[in-house]
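I opened this notebook to record what I looked up on charged side chains and their surroundings.

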Amino acid sequence: MAEYKRPKTKAEFDKNFKQKKPLMNDTEAFYEASRCLFCYDAPCIQACPTSIDIPLFIKQIHTDNITGASKTIFDSNWLGNACGVVCPTGVLCEGACVYNHQDVPPIQIGRLQNYATNKTIDADKTIFKVGESNGKKIAIIGAGPAGLACACEARTLGYEVDIYEAKEKPSGLTVYGIAPYKITNEEVLKEVDYLQNQLGFNIKYNNAINSKKELSTLENNYDAIFLGVGLGATRHLGLDGEDKQGVIGAVEFIEELRMKHHEVKVPAKVVVIGGGNTAMDAASEAARMGARKTVLAYRNSKDKMGAYGFEYDLAISAGVDSLFNVTPLAITGNGKVEGVKFAKTEVIDGKLQTNMNNTFIVRCDMVIKATGQAKQGYFYDMIDGLDIDNKTRIKINEEFQTSNPKYFAGGDAINGGAEVVNAAYDGKMAAQGIHNWLNKK
Ligand SMILES: Cc1cc2nc3c(=O)[nH]c(=O)nc-3n(C[C@H](O)[C@H](O)[C@H](O)COP(=O)(O)OP(=O)(O)OC[C@H]3O[C@@H](n4cnc5c(N)ncnc54)[C@H](O)[C@@H]3O)c2cc1C
Ligand code: SF4
């Protein structure tokens with residue numbers, strides 16, 4: 001089990017956050033590509049939400065046609081480089097690879113994908129073509145994976161595109177949320193630059209759309225609007241003492257870490273509340289920042305956790321401890337966090353119950369709440385006639401059009417929180433939906 005010293009320099013940070021899927025060299029890529037069986041009914045393609053022609057790009061890598069391989073990848077997924085390393089490939093393409101039926105490791109599809117696209121980006125090869133101008137304009141709210149994919153596709157269809165982004169960097173949670181051992185800031189931003197240089201969409205940074213007036217201006221100035229706003233801040237738990245110094249939401253903690261790296265100070269003892277992938281990331285990241293003790297606390301049993309098994313294993317291998325069947329009652333301390341008071345939980349008559357006779361305190365200096373992100377309901381309320389479901393997700397039809405015909409939507413805002421690859425697919429499809437709708441008008 002790893003033990004991490006608090007990183008004090010960029011080099012020490014990079015060592016603690018060593019890339020999980022490092023870039024392949026030419027020999028590794030050639031060898032790995034040579035293992036592919038180029039299956040005729042390729043289950044890996046079916047398992048990819050963007051249906052990349054995986055055997056084709058692997059064949060292209062094998063014949064040293066790297067530009068062709070990248071074209072195959074980007075034609076299906078505008079964030080093909082990032083997805084190569086951030087996708088949960090073990091449960092998607094690599095999980096479906098036929099080699100899993102034998103006692104042989106599956107093809108490392110993600111790393112091959114990243115190998116090809118990274119080379120093409122570094123060589124600054126021109127592989128995309130902007131469509132002939134059709135004189136129409138699309139506004140996109142949010143420069144996350146969904147918004148970026150929509151922008152790229154819309155440019156190939158001849159639209160002028162302006163993205164309005166609240167923050168100062170593009171790529172949404174890919175740069176502000178995903179664990180730094182999966183992808184670096186440089187790699188995320190390099191891909192966006194590459195796409196933007198060739199496709200020429202505009203991004204207006206520090207430009208949150210927050211009022212009905214701003215929305216009306218967009219409605220008047222653009223032919224269609226795409227909502228790629230993702231989710232909001234970490235949800236409030238309503239616990240006693242939640243406002244104490246040292247209590248932070250997982251998304252906010254990770255954002256600070258992604259932006260400030262080794263300058264962030266994580267104290268000695270950390271409790272992370274939650275059982276999803278974000279909780280695993282936050283715990284693993286706290287341990288890599290040198291916390292002496294990091295405890296994951298989840299209200300149900302291990303098998304009920306929402307996190308992928310490999311994400312849990314990664315947290316444990318970083319030195320994280322776990323506590324199951326516990327629910328937080330209060331954050332203790334005098335102004336500053338000193339601990340979390342928990343009660344044990346148990347399943348009675350099929351329902352999870354809190355046992356108030358069995359309570360205890362875990363001492364800590366920091367509490368990270370990884371209990372889900374709030375939805376952007378207040379924002380949706382400002383859009384006339386926009387239907388949302390009972391989980392505050394924007395409702396769309398098969399063309400990614402919302403109940404207000406001028407608005408289309410995709411990504412976490414419609415699925416409640418999934419992966420980058422799903423947002424990339426939605427954004428691309430929504431641009432095609434906008435195109436079909438405007439052509440019918
Ligand atoms: C901690 C964490 C770890 C994750 N790890 C992974 C992973 O390893 N692999 C993976 O595939 N996925 C991962 N995900 C999920 C993935 O990041 C998201 O599914 C994906 O980023 C969703 O893309 P999106 O474009 O819908 O939203 P976002 O990425 O959230 O982007 C939305 C953008 O809209 C902007 N915005 C919001 N409101 C406004 C407004 N009113 N005006 C202007 N701009 C606005 C935001 O600033 C943001 O840039 C993770 C998520 C989290 C929280
Ligand atoms: S399933 Fe595996 S072996 Fe078959 S085409 Fe896909 S990557 Fe190659």
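**Entry 1. Terms.** I take buried as under 20% relative accessible area, exposed as over 50%, and partly exposed as in between. By that rule Asp75 is partly exposed, because its relative accessible area is 40%. I note that the model is predicted.

**Entry 2. Salt bridges, overall.** I looked up the count of salt bridges, and it comes to 15. I then examined individual pairs.

**Entry 3. Lys71 and Asp75.** I found a salt bridge between Lys71 and Asp75, with the closest N and O atoms 3.1 Å apart. Both residues belong to helix α5 (residues 66-76), where they are 4 residues apart and thus separated by about one helical turn. An α-helix has 3.6 residues a turn, so residues three or four places apart point the same way. Lys71 has 34% relative accessibility and counts as partly exposed.

**Entry 4. Lys293 and Asp321.** I recorded a salt bridge between Lys293 and Asp321, the closest N and O atoms being 2.7 Å apart. Lys293 lies in strand β7 (residues 293-297) and Asp321 in strand β8 (residues 321-323), so the pair ties together parts that are 28 residues apart in sequence. Lys293 is partly exposed at 40% relative accessibility, and Asp321 is partly exposed at 31%.

**Entry 5. Asp281 and Lys182.** Here I noted a salt bridge whose closest N and O atoms are 3.9 Å apart. Asp281 is in helix α14 and Lys182 in the loop between α10 (173-176) and α11 (185-199), so this pair connects parts 99 residues apart in sequence. Are these two residues buried or exposed? Asp281 is buried, at 9% relative accessibility, and Lys182 is buried as well, at 10%. I also found that Lys182, Asp281 and Glu311 are linked in a network of salt bridges.

**Entry 6. Helix α14.** I followed Asp281 to its helix. Helix α14 (residues 277-288) has 12 residues and reaches 16 Å from its first C-alpha to its last, close to the 16 Å expected at 1.5 Å a residue. The helix is mostly covered, with 10 of its 12 residues buried. Among the buried residues I list Met280, Asp281, Ser284, Glu285 and Arg288.

**Entry 7. A positive patch.** Which residues form a positive surface patch? I found Lys5, Arg6, Lys8, Lys15 and Lys265. Lys5 sits in the segment before α1 (10-16). Lys5 is exposed, with a relative accessible area of 71%.

Note on methods:
Residues numbered from 1 in each chain as written. Chains lettered and ligands numbered in written order. Predicted model: local features only at pLDDT ≥ 70, side-chain atom pairs only at ≥ 80, totals over all residues. Heavy atoms only, no water. Patch = residues over 30% accessible without salt bridge, like charges linked within 9 Å, V, L, I, M, F, W, Y side chains within 5 Å. Areas by Shrake-Rupley, 256 points an atom, 1.4 Å probe, with all protein chains shown as cover. Salt bridge = Lys/Arg side-chain N within 4 Å of Asp/Glu carboxyl O. Lys, Arg positive; Asp, Glu negative; His and termini not counted. Charge placed at Lys NZ, Arg CZ, Asp CG, Glu CD. Helix = DSSP H or I, 4+ residues; strand = E, 2+ residues; numbered from the N terminus. Buried < 20%, exposed > 50% of the residue type's maximum accessible area, 1.4 Å probe, protein only. Expected span 1.5 Å × (residues − 1).
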